[in-house]
Structures are given as structure tokens and as C-alpha cells.
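Here is a short report on the inside of one protein model. It is meant to be read with the structure open.

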Amino acid sequence: MSSSLIRFSVFCLIGVVLSPALTAQSADSLELLKKSQIDWPWWRGPAGDGIASSEQTPPTRWSESENIRWRVPLPGRGHGSATVVGQRVYITAADLDRDLQTVLCFHRGSGDSVWESIVHSGGLKTKGNKKQNEKASLASTTIACDGEQLYVNFLNNEAVWTTALNLKGDILWQRKISDYIVHQGYGSSPALYKHLLIVSADNKGGGVIMALERSTGQLAWKRSRPKKPNYASPVIVNAAGRDQLILTGCDLVTSLDPLTGQTHWEIEGSTTECVTSAVSDGTHIFTSGGYPKNHISAVSADGSGKVVWEDDIRAYVPSMLCRDDHLFAVLDAGVAVCLRCSDGKEIWKARLGGTFSSSPVMVGDLIFATNEGGESFIFKAGTNRFQLVAENKLGTSVFATPTICGGQIFTRVAHMEGSHRQEYLYCISEN
């Protein structure tokens, strides 16, 4: 094992070491991270589905004075979640005052700054009337880490760029993915599959989805997308007996072979604009969107083109959770709902309160969900009735999804300090 992996893949607090099989650019490294109980290596966690390891007990109670291990200020504004691998925490930031887009690295145990890497200097301001939605940011994507390198997408200078960094923060390669016409913003996070990095950039100028070699950034395959605005991240699921790369939006549900980019199947079955990341129960692909109509749908994953069921409830921004033939969603308007996967039947519905952009995270039989006002609701992932466990309040503004691993919660929270909005990264932990 290399010295860098010894430094970065050891979690001293609970004594877990990643296997020596974690070699640079190996498929084995991804599999180890997917099975990890202590890491959160990319958007929506080890399996990419918002479900954290059940072999942990994160706090269910916190405040500014309770169960806060550390907090550190973040420059500018961003909505990307924290990525945690070993003893390092990585997060993006967009600082308009300095005109910089950066990746920041902190020590997991102490919150001490390890490094800040400038990915883009300049290019943060859009031209003419191309303004983002006020809820968007220029650092809304979540970093992916394969144990050796970091991968990040940024919208900069009217284009989407993907950058690879080593674990010291040095830029290894950078590639322009697509010119980008801003409609609401950009928030698609990269996905990892075997030796490939998969990125997308749907927009009104004509989008793309492509796979790059992780080691070099060279193009492995590329597919054009419709000239429509869309914000969903590509996700890889194993459904109907094979790995499928799923992208929703542009009025389509698309399944590709993640290794080659060849089409498995594609149907009209989602809305034009989607934000959420699709989930699957192995039989269905569950999609949701909010423009021009509200919808949640179950599409058969076998390529038959069948929309099994559809509902007109609005789960536009927060991604859903799927487990044991049940689909859990936190609607934008602050309502939690449980649906049966097989037929869409509503099992229960309950009002939480507030407006939600952050996606819920499941840990064991608990679901953690935070609204835009910084109120966190913890409730049972029960299939009979809604059961609230706890409510907590931290800060005044939250758009990022929490990261939960190793019994700790890493969350991006903003406070209004006078007339100034200041973001912080918190580590919530009982120990």
C-alpha cells in the first residue's frame, strides 16, 4: 500500500483500515468504498442511493451547544455535500468575493484545514441576462473520490468543466464537458464506474453525457442529449440483472450501458426538468420531477417501456429513498410520504414543515431530513405509520444534503451574521 493511502484510508477513531487491494484506478477500490461503513465517497453515499451504513448510531439530538464536535467557516456559497474518505473531509465552495471556485480539505477528527485548492479563478459571473435561480449556487455538486483521486464538476465561464485532483489538492487533469446555457443553474455530480468517471451537462444548448478515463481524463464514450434544461445527476443501479446508467429529465428516462454508453432502453416517462437522482428496487426505476408537471413514477427496469404507475405529487428537488418494497420521499413543500413500490399505493403521509431542497438520508430504521430553514426531522422508516423521533435546529439556511458515516453527521449550514450570510461545515458527533 502506498504511503498516501496509509495516510488517507486509516480511520483511527474506530481502527478501520481499507484493504491493501485499494490500488490506484482499480475497480476493487470502488467496491471497497461502496461497502465501507466509515466513508461517504460520492453523492448520495456508498451505494449512491442515500442509504448510509446501518452499522452506526449517529446522534439524533444536536444544537449549537450539543453534540457538535467541530465547525469551520466556508468561503462564499455552495450547496454540495461533504465527501468523506478516511480521515479527510472534502467539499466545494464558490467565493464571489475572491472570484474563485475551490475544493477544500479538512481533517475529519479536528476540523483543521489541510488544504484549499483553486480549481477555477475567474469565470464565476454569468453574462447578460443568464441568471441562476436564487436557490442555486456555483458549487452545488458533490465531489467523488476513488481513494486515490478527487473528481469535481463546476459551471464556469459559460461551460461545465470536470477536474481531477490528487489527495494533496494538486490538479491532475481538467476537461471541458460542454458549453452551458444557464437556465436555473447546474448541479450534476460525477459518478464512478470501474475505471470510468461519468459526467453530464444537460442544458438548452444541447447537453451531453460522457465517460472519461479516471487516470487521464481521456474520452471513453460520449452521447448527445436533447436541447432542454435539466439538472439530474447520472446514477448507476443494478436492476433487471444488469448494471444500468440512469439519467432522468429532458422528458426521458434513459438507461445506458455505463461501460460503453450504448442504449439499454429509453422511454418518454419523466418531466423536462428533473433535479432528483433516480433510485431502484431492482425491478423498477423511480423517477420524479417538477416541471412542467409534478410527478413520481415507476418505470419497468427490464426495457419493456412500461410505466407501471405514476403519481402527481411534487418531489422535485429532494431525492427519494427506496427499501423493502417501500419508497420514501420528502416533498418540496415539507411533507413526508411513504408509497408502496409495486403499485404506488400511499401507505402514510405526514407534514414536517418548511420547504425542502436537501435530500433525506436513511440510517438503519431512521430517516434524517433537513429543510431550508435548518430544521432537521428524524423519523422512522416505518411502513405502517409515520413516527417522529426528534427535531433539531441548526443555522438559518440549509440546501446541502447531510453526509452520515462512521456515526458522524457532516452538514453544510448557513447563519445570518448581521447582514452577512456565512456558511459553516459542521461535524455532529456524540464522541
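What follows covers the cores, a sheet, some aromatic rings and a few single residues.

The model is predicted. Keep that in mind when reading the distances and percentages below.

Start with the largest nonpolar core, which has 39 residues. Within this core, Val-103, Leu-150, Ile-177 and Tyr-180 have the most contacts. Strand β10, residues 149–156, supplies the largest share: 5 residues. A second core is separate and has 31 residues. Val-363, Phe-368, Phe-410 and Tyr-426 are among them. In soluble globular proteins, nonpolar side chains tend to be buried together.

**Leu-150 and its sheet**

Which residues does Leu-150 contact, beyond its neighbours within four places in sequence? They are Tyr-90, Val-103, Trp-115, Ile-143, Ala-144, Cys-145, Thr-163, Ala-164, Leu-165, Asn-166 and Leu-167. One of these, Cys-145, stands opposite Leu-150 in β10.

Strand β10 belongs to an open sheet of 4 strands. The order is β9-β10-β11-β12, and the pairing is antiparallel. At the edges are β9 (144–145) and β12 (171–179), each of which pairs on one side only. The antiparallel pairing of β9 with β10 runs over 2 bridges.

**Burial of selected residues**

Buried means under 20%.

| Residue | Relative accessibility | Class |
|---|---|---|
| Thr-102 | 1% | buried |
| Phe-379 | 2% | buried |
| Val-335 | 9% | buried |
| His-326 | 12% | buried |
| Phe-386 | 21% | partly exposed |

Thr-102 lies in strand β7, residues 100–107. Its side chain makes a polar contact of 3.4 Å with the side chain of Glu-116. Leaving out residues up to four places away in sequence, Thr-102 touches Ile-91, Thr-92, Ala-93, Glu-116, Ser-117, Ile-118, Val-119 and Phe-154. Why is Thr-102 classed as buried? Because its relative accessibility is 1%, and the cut-off for buried is under 20%.

His-326 is in strand β26, residues 326–330. The side chain of His-326 reaches the backbone oxygen of Asp-324 at 2.8 Å. Beyond four places in sequence, His-326 touches Leu-321, Cys-338, Leu-339, Cys-341, Ile-347 and Thr-383.

Val-335 is in strand β27, residues 335–340. Ser-200 is 135 residues from Val-335 along the chain, and their C-alpha atoms are separated by 30 Å.

**Aromatic rings**

How many aromatic pairs does the structure hold? There are 11. A pair of aromatic rings is described by the distance of the centres and the angle of the planes. For Phe-379 and Phe-386, the centres are 5.3 Å apart and the planes stand at 45°, so the pair is tilted. Phe-379 is buried at 2% relative accessibility, whereas Phe-386 is partly exposed at 21%. Ring pairs also join these two residues with Phe-328 and Trp-348 in a cluster.

The charged end of Arg-71 sits over the ring of Tyr-424, 3.8 Å from the ring centre.

Methods:
Residues are numbered from 1 along each chain as its sequence is written. This is a predicted model: local features need pLDDT of at least 70, side-chain atom pairs count only at pLDDT 80 or more; totals for chains, interfaces and linings use all residues. Side-chain values use heavy atoms; hydrogens and water are left out. A nonpolar core is a set of buried Ala, Val, Leu, Ile, Met, Phe, Trp, Tyr and Cys residues joined through side-chain atoms within 4.5 Å. Buried means under 20% relative accessible area, exposed over 50%, partly exposed in between (1.4 Å probe, protein chains only). Contact means heavy atoms within 4.5 Å. Two strands pair if DSSP finds at least two bridges between them. A polar contact is a pair of N or O atoms within 3.5 Å; within protein, one must be able to donate a hydrogen and the other to accept it, and residues adjacent in sequence count only if both atoms are side-chain atoms. Rings of Phe, Tyr and Trp (its six-membered ring) pair if their centres lie within 6.5 Å; planes under 30 degrees apart count as stacked, over 60 as edge-to-face and the rest as tilted. A charge sits over a ring if NZ of Lys or CZ of Arg is within 6 Å of the ring centre and within 35 degrees of the ring normal.
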